[in-house]
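Below is a short report on one protein model and its metal sites, arranged by topic.

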Amino acid sequence: MRLFLGSDFHVDYRQNLDWLRALSRADFTDDVLIVAGDLSDELDLVKTCFDELVPRYRKLLFLPGNHDLWTARSGKGPSFDKFETLKTLCQGYGIETSPMAIGKTLIVPLLAWYDYSFGEPGPTIKRGWMDFYKCNWEGLNPAEVAERFDAMNVIPDTSGFDTVYSVSHFVPRLDLMPARYPEKHKALFPVLGTDRLERRIRELGSSKHFYGHSHLNRNKMLDGVTYINNAFGYPSETEISAKTILQVADL
Ligand SMILES: [Fe+2]
Ligand SMILES: [Fe+2]
């Protein structure tokens with residue numbers, strides 16, 4: 001059994017959905033796929049992804065990204081309600097959203113939100129970052145949203161497991177981003193992730209951490225943990241994304 005990683009399929013783009021639909025129906029039936037968020041803000045498209053992926057894999061693990069929690073198209077209902085809707089939807093499909101044991105390996109999803117621990121946003125982000133318009137956190141600021149999600153994390157007893165992996169949508173540490181990076185992209189750093197994730201990863205004793213959101217594919221070891229990003233990303237992002245699912249472990 002193999003473990004595959006994908007995130008940020010953003011199937012609102014027709015070519016991304018076409019790619020997903022063209023995935024082999026025979027090659028992965030004994031494998032596990034982690035989907036680390038950002039399928040679509042549209043619930044029907046999330047369902048389409050699940051309809052496509054569930055029959056192809058032995059097991060799926062999903063955790064939502066920021067785009068999945070947008071509610072503007074459905075009348076601006078609370079994003080925490082959308083989160084619960086997605087969780088219920090996953091239950092219906094038999095998709096895992098909680099820590100998942102496979103033999104002696106434990107895979108732990110870590111919920112999060114950015115809390116500006118990577119820096120304070122500048123005027124461009126304050127004005128233009130779509131989450132601020134598309135999510136409805138009922139008056140909570142990002143740090144409070146981050147705290148709410150972190151409090152939902154189930155940190156399981158890892159004794160009895162040989163290997164622990166963890167997964168988040170958001171970036172767990174800022175030094176995963178290149179130091180030499182265009183200034184206009186650096187403006188996004190405050191909304192990329194949170195230091196809370198890194199603390200959870202260390203608490204778990206995770207040896208590999210999978211994440212998405214930055215759309216910048218990475219495979220980097222830092223302080224003994226291997227961090228892997230295999231975001232699919234937007235159609236234009238051909239140079240920072242491999243545009244395929246990636247095998248990240250044998251199980
Ligand atoms: Fe994304
Ligand atoms: Fe994202």
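## Helix H1 and the basis of the model

Which residues of helix H1 (residues 14-21) are buried? The buried residues of this helix are Asn16, Leu17, Trp19 and Leu20, where buried means under 20% relative accessible area, exposed over 50% and partly exposed in between, with a 1.4 Å probe and protein chains only. They cover an arc of only 155° around the axis, which puts them on the same side of H1; the arc is that of the directions from the helix axis to the C-beta atoms. These buried residues of H1 pack against helix H2 (43-53), a contact meaning heavy atoms within 4.5 Å. Helices (H or I, at least four residues) and strands (E, at least two) are DSSP runs, numbered from the N terminus.

This is a predicted model, in which local features need pLDDT of at least 70 and side-chain atom pairs count only at pLDDT 80 or more, while totals for chains, interfaces and linings use all residues. Residues are numbered from 1 along each chain as its sequence is written, chains are lettered from A and ligands numbered from 1 in the order in which they are written, and side-chain values use heavy atoms, with hydrogens and water left out.

Donors are N, O and S atoms within 2.8 Å of the metal (3.2 Å for Na, K and Ca), and since water is not among the atoms, sites may look incomplete.

Asp38 bridges the iron ion (ligand 1) and the iron ion (ligand 2), which lie 3.4 Å apart. His10 lies in the loop between strand S1 (2-6) and H1, and Asp38 in the loop between strand S2 (32-35) and H2, so the pair ties together parts that are 28 residues apart in sequence. His10 counts as buried at 1% relative accessibility, and Asp38 likewise at 1%. Asp8 is placed in the loop between S1 and H1 and counts as buried at 0% relative accessibility; its phi is near 55°, a positive value in a residue other than glycine.

Asn66, in the loop between strand S3 (59-62) and helix H3 (79-93), and His169, in the loop between strand S6 (163-167) and helix H7 (183-186), are 103 residues apart, and the pair links distant parts of the chain. Asn66 is buried, with a relative accessible area of 1%, and His169 is buried with 2%.

In helix H6 (residues 142-152), the buried residues include Pro142, Val145, Ala146, Phe149 and Asp150. Seen down the axis of H6, the buried residues fall within an arc of 135°, so they line one face of the helix. They pack against H3 and helix H8 (195-204). At the start of H6, a side-chain oxygen of Asn141 reaches to within 3.1 Å of the backbone nitrogen of Ala143.

Ser166 lies in strand S6 and is buried, with a relative accessible area of 0%. The side chains of Ser166 and Ser206 are joined by a polar contact of 2.8 Å, that is, a pair of N or O atoms within 3.5 Å; within protein, one must be able to donate a hydrogen and the other to accept it, and residues adjacent in sequence count only if both atoms are side-chain atoms.
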